[in-house]
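Welcome! Take a moment to look over the model below, and then let us walk through a few of its residues together.

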Amino acid sequence: MGTYTTEIASDKLVSDNPIHQRLLKAYIAAKPLVAGNLLEVGCGEGRGVEVLLDAVDNYLGIDKIQEVIDSLKIKFPKEAFQQAFIPPFSGFGDNSFDTVVSFQVIEHIQNDKLFLEEIHRVLKPGGKAIISTPNIRHTLSRNPWHIREYTGQELTTLSEGIFDKVESMGIGGNQKVWDYHAANRISVNKIMRFDIFNLQYRLPASVLKMPFEILNRMNRNKLHQQHGKSVVEISHEDYLLVDHPDKGLDLFYIMHKKSPK
């Protein structure tokens, strides 16, 4: 697995470190909340598998990319991984898992309502789902890899129509994090000023993916060159779980399935 897109964000590329640490924070925030049989939907390259393992009895990770699954089976031979294209969650029975986690996935799913309905279905009564996704209020440009992004209210409305209780929070940060985000915003705006016809919102996503990847990688490398120390030194401890989704760079939601009476 030697090629890393800016959409994935690598723990091996220094310029990706602030994004990697931000994504890792979701796993660390979720660790006290998970238990029993755990399903991770969209496990990717296994960024947070080790974080969660100590807190659960069984772990199953699913992802659509077979190469990723093959790599994870070698890295974590005692855990279970399988390829799956979702939704629906074919092959998973009702009331199968105590906890489901899915980080930075729902924004890629065309039928997001079915996605959440399927998570609710496979959860045991009393179980919980923990989900993170970008907060569109802090998005700097259109991401052509995403079907959509949400405000806190939009995700709350969607999830409350499916789950019995929804706790809406966010993943924000300290001053170091927000300084990096501000520098990133300035840098992205300098690039976007050339998009005088607003093509990023007019062209199909398929056309935009390659230029987005090139410009995003250039931008991250530039930020590393200009703000090297802060880019390298940001850790997951600089990202903070906050009590309101609007305060977060990412939305972080805990969704509960009602316990039997």
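Leaving aside its neighbours within four places in sequence, which residues is S102 in contact with, where contact means heavy atoms within 4.5 Å? They are V41, F115, I130, I131 and S132.

Before going further, a word on the model: it is predicted, so local features need pLDDT of at least 70, side-chain atom pairs count only at pLDDT 80 or more, and totals for chains, interfaces and linings use all residues. Residues are numbered from 1 along each chain as its sequence is written, and side-chain values use heavy atoms, with hydrogens and water left out.

Back to S102, which sits in strand β4, residues 97-103; strands (E, at least two residues) and helices (H or I, at least four) are DSSP runs numbered from the N terminus. With a relative accessible area of 1%, S102 is buried, a word that means under 20%, while exposed means over 50% and partly exposed lies in between (1.4 Å probe, protein chains only). The side chain of S102 also reaches the backbone oxygen of V41, at 3.0 Å.

Now for some backbone features. Most peptide bonds are trans, and most residues other than glycine have a negative phi. A cis peptide bond, however, joins I86 and P87, with omega about -10°, and another joins P87 and P88, with omega about 0°. P87 lies in the loop between β3 (80-83) and β4.

N95 is in the loop between β3 and β4, and its phi is positive, near 55°. N95 is partly exposed, at 38% relative accessible area. Q104, in the loop between β4 and α4 (112-122), has a positive phi of about 60°, but Q104 is buried, at 19%.

Methods
Polar contact = N/O pair within 3.5 Å; in protein donor to acceptor, adjacent residues only side chain to side chain. Contact = heavy atoms within 4.5 Å.
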